[in-house]
Amino acid sequence: MKDENKLLILGLDGLDPFILKEYQEDLPNLATLLDENNILESVLPPVTKPGWPCSFTGRTPERLNSFDMLE
């Protein structure tokens, strides 16, 4: 079987990454990701509605016209 590249997208919506630091002993694999500085910054405004579409499309909230849950 041929080696294939794999990608895991782990979205912890609304979770402050610094809270995970408290649980590094209980979550060693997640701790490894944190130690490797794999934390992405959010879009502005840093809320769910524009965050997910922007992360998957690479576009800004302005280009998607997506700013909050009320629209």
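Biologist: On what basis are residues numbered and values computed here?
Modeller: Residues are numbered from 1 along each chain as its sequence is written, and side-chain values use heavy atoms, with hydrogens and water left out. As this is a predicted model, local features need pLDDT of at least 70 and side-chain atom pairs count only at pLDDT 80 or more, whereas totals for chains, interfaces and linings use all residues.

Biologist: In what order do the elements of the protein chain run from the N terminus?
Modeller: Helices (H or I, at least four residues) and strands (E, at least two) are DSSP runs, numbered from the N terminus. The protein chain has 4 helices and 0 strands. From the N terminus on, the order is therefore α-α-α-α.

Biologist: What percentage of the 71 residues of the protein chain count as buried?
Modeller: Buried means under 20% relative accessible area, exposed over 50%, and partly exposed in between (1.4 Å probe, protein chains only). Of the 71 residues in the protein chain, the share that counts as buried is 10%.

Biologist: Is L12 buried or exposed, or does it count as partly exposed?
Modeller: L12 is found in the segment before α1, a helix that spans 17-20. Its relative accessibility is 38%, so L12 counts as partly exposed.

Biologist: Which residues does L12 touch, not counting those up to four places away in sequence?
Modeller: A contact means heavy atoms within 4.5 Å. With residues up to four places away in sequence not counted, L12 touches L20 and L30.

Biologist: What is the area of the nonpolar surface patch that includes L12?
Modeller: Patches are made of residues with over 30% relative accessible area and no salt bridge, with like charges joined within 9 Å and nonpolar side chains (Val, Leu, Ile, Met, Phe, Trp, Tyr) within 5 Å. A salt bridge is a side-chain nitrogen of Lys or Arg within 4 Å of a carboxyl oxygen of Asp or Glu. L8, L10, L12, L15, I19, Y23, L27 and L33 make this patch, and its area is about 720 Å².

Biologist: Why is the pair formed by the rings of W52 and F56 classed as it is?
Modeller: Rings of Phe, Tyr and Trp (its six-membered ring) pair if their centres lie within 6.5 Å; planes under 30 degrees apart count as stacked, over 60 as edge-to-face and the rest as tilted. The structure holds 1 aromatic pair. The ring centres of W52 and F56 are 5.9 Å apart and their planes are at 15°, so the pair is stacked.

Biologist: Where do W52 and F56 both lie?
Modeller: W52 is partly exposed at 32% relative accessibility, whereas F56 is exposed at 55%. The two residues are 4 residues apart, about one turn of the helix, and both lie in helix α3 (residues 48-57).

Biologist: Which backbone oxygen does the side chain of T57 reach?
Modeller: T57 is placed in helix α3 and is partly exposed, with a relative accessible area of 45%. At 2.8 Å, the side chain of T57 reaches the backbone oxygen of P53.

Biologist: What is the phi of N65?
Modeller: N65 lies in the segment after α4 (61-64) and is exposed, with a relative accessible area of 55%. Most residues other than glycine have a negative phi. N65, a residue other than glycine, has a positive phi, near 50°.

Key: Accessible areas come from the Shrake-Rupley method with a 1.4 Å probe; for residues, only the protein chains shown count as cover. A polar contact is a pair of N or O atoms within 3.5 Å; within protein, one must be able to donate a hydrogen and the other to accept it, and residues adjacent in sequence count only if both atoms are side-chain atoms.
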